[in-house]
Amino acid sequence: MNLFHFSLQAQFSRHCFLKTRACLCFALTVCLWVVAVEVRANDHYEIVTNPGVNEKTLSVNSLRSIFSMRLKTWSDGTKIRVFVLSDEDQLHQIVSKEKLNVFPYQLRSTWDRLVFSGTGQAPIKVNSSEEMLARIATTPGAIGYLWRANINENVNVLEIK
């Protein structure tokens, strides 16, 4: 192999390296952008309660206990009524992962165990955000979650700490 061929091969290898590096940088940038957009999008929901519920803040552990159906009454003795959307619903999946730190199938498994063992009940499933809003607004002790766009003066927003 002469010097000319070696020079061409070196330039080609350098060109491939730079092109590969540029593609990797682009892919990393796109991934970071997607994560940033998803984080901002996930911030557009709230945990809400019936206006008659006195609590204004809840710890994450209390919220987990409520949605896993272990905590059954509010501090004033009112029975907690938990409302959820279907396991496939995007909002349910986001709330499960972000606020409760569990996957929807793990929640379902917990609820199924309670029901099949006869030691508890599953939450009340609703079919839409509109139904969730109506049921929480009219059911004493109710708790659920809504997109911010669906929240009105008929429900209270809980602060989760």
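## The largest pocket

The largest pocket has a volume of about 250 Å³. A pocket here is an open set of points on a 1 Å grid over the protein atoms alone, where a 1.4 Å probe fits, with protein on both sides within 12 Å along at least five of seven lines. Its volume is the space filled by probe spheres set on the points, which are joined across faces, edges and corners. Lining residues have an atom within 4 Å of a point. There are 14 of them, and the closest to the pocket centre are Met69, Lys79, Ile80, Gln121 and Ala122. The lining divides into nine nonpolar, two polar and three charged residues. In this count Ala, Val, Leu, Ile, Met, Phe, Trp, Tyr, Cys and Pro are nonpolar, Asp, Glu, Lys and Arg are charged, and the others, Gly among them, are polar.

This is a predicted model: local features need pLDDT of at least 70, side-chain atom pairs count only at pLDDT 80 or more, and totals for chains, interfaces and linings use all residues. Residues are numbered from 1 along each chain as its sequence is written, and side-chain values use heavy atoms, with hydrogens and water left out.

## The sheet

Five strands form an open sheet with mixed pairing, in the order β4-β3-β5-β1-β6. Strands (E, at least two residues) and helices (H or I, at least four) are DSSP runs, numbered from the N terminus. Two strands pair if DSSP finds at least two bridges between them. The edges are β4 (124-125) and β6 (156-157), and each pairs on one side only.

Now take the pairs. β3 and β4 run parallel, with two bridges. Phe83 has Ile124 as its bridge partner in β4. β3 and β5 are also parallel, again over two bridges. There Val82 has Ile143 in β5 as its bridge partner. β1 and β5 are joined by five bridges and run antiparallel. Tyr45 stands opposite Trp147 in β5.

## The nonpolar core

A nonpolar core is a set of buried Ala, Val, Leu, Ile, Met, Phe, Trp, Tyr and Cys residues joined through side-chain atoms within 4.5 Å. Buried means under 20% relative accessible area, exposed over 50%, and partly exposed in between (1.4 Å probe, protein chains only). The largest core holds 32 residues. Ile66, Phe67, Val82, Met132, Ile143 and Tyr145 touch the most other members. Two or more residues come from each of β1 (45-49), α2 (60-67), β3 (81-84), α3 (90-98), α4 (104-117), α5 (129-138) and β5 (142-147). β5 gives the largest share, four residues. In soluble globular proteins, nonpolar side chains tend to be buried together.

β5 is mostly covered, with five of its six residues buried. Met132 touches Gly144, Tyr145 and Leu146, and also Phe83, Val84, Leu85 and Val126, not counting residues up to four places away in sequence. Contact means heavy atoms within 4.5 Å.

## Helices against the sheet

In α2, the buried residues include Leu63, Ser65, Ile66 and Phe67. The buried residues of this helix pack against β1, β2 (57-58), β3, α4, β5 and β7 (159-160).

His92 sits in helix α3. Is His92 buried or exposed? His92 is buried, because its relative accessible area is 2%. Beyond its neighbours within four places in sequence, His92 contacts Val84, Leu85, Ser86, Asp87, Pro104, Leu107, Trp111 and Tyr145.

Leu133 belongs to helix α5. Leu133 has a relative accessible area of 15%, so Leu133 is buried. Leaving aside neighbours within four places in sequence, Leu133 is in contact with Leu146, Asn150, Asn152 and Val155. Leu133 and Ile143 are 10 residues apart in sequence, and their C-alpha atoms are 9.9 Å apart in space.

## Two positive phi angles

Which residue with a positive phi follows α2? It is Met69, with phi near 70°. Met69 is a residue other than glycine. Met69 lies in the loop between α2 and β3. With a relative accessible area of 16%, Met69 is buried.

Asn101 also has a positive phi, near 60°, and is not glycine. Its place is the loop between α3 and α4. Asn101 is exposed, because its relative accessible area is 57%.
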